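Here is my note on this model. Please read the points with the structure open beside you.

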Number of protein chains: 2
Amino acid sequence: MAAEPVTRGRPREFDPEEALSAALQVFWTRGYEGASLAELTEAMGITKPSLYACFGNKEALFHKALDLYERDKLCYMRSALDAPTARGVAERLLRGTLQIQTGGSDPRACLGVISMVACTTQADSIKTDVIARRASSDKALVERLERAKAEGELPAGIEPAAIATYLTAVIQGMGVQASGGATPAQLEQLVETTLAMWPTA
Amino acid sequence: MAAEPVTRGRPREFDPEEALSAALQVFWTRGYEGASLAELTEAMGITKPSLYACFGNKEALFHKALDLYERDKLCYMRSALDAPTARGVAERLLRGTLQIQTGGSDPRACLGVISMVACTTQADSIKTDVIARRASSDKALVERLERAKAEGELPAGIEPAAIATYLTAVIQGMGVQASGGATPAQLEQLVETTLAMWPTA
DNA sequence: CGCATTATATACCGATAAGTATGAAATCCG
DNA sequence: CGGATTTCATACTTATCGGTATATAATGCG
């Protein structure tokens, strides 16, 4: 990180980090295609030319917002894999998801879920990006569960990849429920139920 | 159903049922907001004025398409509740969902899931409608599971409402996975895993 | 100060969105 | 055949979309 390399010309009057954070909130509530530049610039407190000069265009802005989202909101996913048991991993993932979904004013799905389900028209590269990121985190989860299986934590008949897909589906389904107006209590109950069903070796 | 009440004036040159079915396909692949009138009329084989005369407007068309969707695609949900055991209900629901998701060219989420997650901007009434329909079918599922519990099918510690929410979440999560490019084989595996985890009394 | 440079604000661009006005074409009733 | 009626096809309206041209304001450097 080269701190303030050179500052020639008129200095910019906004903080790109703050602006990006505001953009993330808009994308998270509206989705990529549902977020208009008018709403984005309004929330970011800047004008369109400033946005384009600083972030490129709407698509590049979204990718940067997704970076921020992973860094700020999905960090629990990496640390969840450090749990001592497979069940602990599942519990951390479920509770972490619950936390980010119920953290704001009203529950909403993970931004990745929204982007995967909602982007259709021209936002192919958005969807591709999200799917690739998801695949990468899924891979890490599968590897962790393979270790768990090697350590005898999982029943013989259950594939690590299968249980990873299953857990991911529950987590994504939780996001859909959140989008559909589920209360935090209902989402918490969903976490408990899922944990109650977790297999024992 | 009054069959052909009166036919005065120029007869319409298309079949409303067929046109609606075509519209449903477009809504299903693009979502409500992602489906443009241009694409809809193209797929339906009619012009915009014909669409407006026959169906009202885009929103009314969507509600009618949703009716058709429930009638044609979600009928398995009602019959699933007739299964003799709670586990049988779950299996029918999961396999029925799998079937409609993998029936087309490539897997896609339930239209309800897409609408709940994706509709944000102005489509509030769409979302409200979908949520209400979902609540109604959820209610039926809860009642069925309450019966199962009364018959001793479910473990003591598990609430019928909780397990209904859980099952719905898995089904919706399956839709997200389908949207995210999961293969039919992966989705089938998800069904199997979920059934393997189903609680036994 | 004067100049190069960068960011700002306003106004604009073509494309597309949903929805409609208008007139011609096709039917039934008399 | 001649209205009355309904549908059809084309062209249009207004608003908004993402993106940009242009001109002005604010800085560092010399």
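**Notes on the DNA and the chain interface**

1. A polar side-chain atom of K48(B) sits 2.3 Å from a base oxygen of DNA strand C. This is a predicted model, where local features need pLDDT of at least 70, side-chain atom pairs count only at pLDDT 80 or more, and totals for chains, interfaces and linings use all residues. Residues are numbered from 1 along each chain as its sequence is written, chains are lettered from A and ligands numbered from 1 in the order in which they are written, and side-chain values use heavy atoms, with hydrogens and water left out.

2. An N or O atom in the side chain of R10(B) is 3.2 Å from a base nitrogen of DNA strand C. For K58(B), a polar side-chain atom lies 2.9 Å from a phosphate oxygen of DNA strand C.

3. Which parts of DNA strand C face the protein? Of its atoms within 4 Å of the protein, 69% belong to sugar or phosphate and the rest to bases.

4. By class, the surface near DNA strand C (a heavy atom within 4 Å) has 8 nonpolar, 7 polar and 7 charged residues. Here Ala, Val, Leu, Ile, Met, Phe, Trp, Tyr, Cys and Pro count as nonpolar, Asp, Glu, Lys and Arg as charged, and the others, Gly among them, as polar.

5. Now the protein interface. In contact (heavy atoms within 4.5 Å) are 33 residues of chain A and 33 residues of chain B. The rule finds 0 salt bridges across it; a salt bridge needs a side-chain nitrogen of Lys or Arg within 4 Å of a carboxyl oxygen of Asp or Glu.

Notes
A polar contact is a pair of N or O atoms within 3.5 Å; within protein, one must be able to donate a hydrogen and the other to accept it, and residues adjacent in sequence count only if both atoms are side-chain atoms.
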